[in-house]
Amino acid sequence: MKISIANIMKQSAAKEEFILKITPNELDITSADALIEGDILLDFTVANVGDVILLDGNVQAVFLRVCGRCTKEYKLTCVGEFKEKFYPAGTLGISEEELTFADDLIDITQIVREGLLLAEPIVSVCSEDCKGLCPTCGIDRNTDECTCDAHEINPKFEALRQLLKK
């Protein structure tokens, strides 16, 4: 996803604000990366701060998730932030990792993609009070109750329990 910076390049300290709706495909996000429902919202500014272009903004999307406790599907809205500097191509004294631009265009695809995917938690739950599944019988404790002994100890650890009694 390339953004034209031709207007702000004409004057130092100029800035332009963008509010966009894009699809996951525009950020090269596949279903293997994340399951996203609907459009992705972008809200960012691009500013000419003299010798660099500064990109600063937020990205928001609704992720389709599976609860880490009860395994039910739910929706989670995540907001990621991004902030990067772009140097004119051919600038001396910058490292290879620094971002550059040419022809009055900056490519923000990877920056926005990373900001969004890093905002998604690795493990999340459908609600803080989710009781999860019973480890013995597998019943969903949010909707049903089971008669399993919650204090049942694995026989492999019985010797440790005997030590604690002493």
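Modeller: A nonpolar core is a set of buried Ala, Val, Leu, Ile, Met, Phe, Trp, Tyr and Cys residues joined through side-chain atoms within 4.5 Å. Please keep in mind that the structure above is a predicted model.

Biologist: Which residues touch the most other members of the largest nonpolar core?

Modeller: The general idea is that in soluble globular proteins, nonpolar side chains tend to be buried together. Here the largest nonpolar core has 28 residues, and Ile-40, Phe-44 and Val-46 touch the most other members. Two or more residues of this core come from each of strand 2 (15-22), strand 3 (36-48), strand 4 (53-66), strand 5 (73-88) and helix 2.

Biologist: With what is Phe-44 in contact, leaving aside its neighbours within four places in sequence?

Modeller: The contacts of Phe-44 include Ile-3, Phe-18, Leu-20, Leu-55, Phe-82 and Ile-108. Glu-16, Glu-17, Asp-56 and Gly-57 are also in contact with Phe-44.

Biologist: I see several cysteines. How many disulfides does the structure hold?

Modeller: In general, a disulfide is a covalent bond between the sulfur atoms of two cysteines. A search of the whole structure finds zero disulfides. Cys-134 is in no disulfide, and its nearest cysteine sulfur, in Cys-146, is 3.6 Å away. The limit for a disulfide is 2.5 Å between the sulfur atoms. Cys-134 is buried, at 7% relative accessible area.

Biologist: Let us turn to charged side chains. How many salt bridges does the structure hold?

Modeller: As a general idea, side chains of opposite charge can pair when their charged atoms come close. This structure holds four salt bridges. In one of them, the side chains of Arg-113 and Asp-33 meet at 2.7 Å, N to O. This pair links distant parts of the chain, 80 residues apart: Arg-113 is in helix 2, and Asp-33 is in the loop between strand 2 and strand 3. Arg-113 is buried at 17% relative accessible area, whereas Asp-33 counts as partly exposed at 34%.

Biologist: Which parts of the chain does the salt bridge between Arg-65 and Glu-120 tie together?

Modeller: In this salt bridge the closest N and O atoms of Arg-65 and Glu-120 are 3.3 Å apart. Arg-65 lies in strand 4 and Glu-120 in the loop between helix 2 and helix 3, so the pair ties together parts 55 residues apart in sequence. Arg-65 is buried at 9% relative accessible area, and Glu-120 counts as buried at 18%.

Biologist: Where do Lys-72 and Asp-140 lie?

Modeller: The side chains of Lys-72 and Asp-140 meet in a salt bridge of 3.1 Å, N to O. Lys-72 lies in the loop between strand 4 and strand 5 and Asp-140 in the loop between helix 2 and helix 3, so the pair ties together parts 68 residues apart in sequence. Lys-72 is partly exposed at 41% relative accessible area, while Asp-140 is buried at 12%.

Methods: Residues numbered from 1 in each chain as written. Predicted model: local features only at pLDDT ≥ 70, side-chain atom pairs only at ≥ 80, totals over all residues. Heavy atoms only, no water. Buried < 20%, exposed > 50% of the residue type's maximum accessible area, 1.4 Å probe, protein only. Helix = DSSP H or I, 4+ residues; strand = E, 2+ residues; numbered from the N terminus. Contact = heavy atoms within 4.5 Å.
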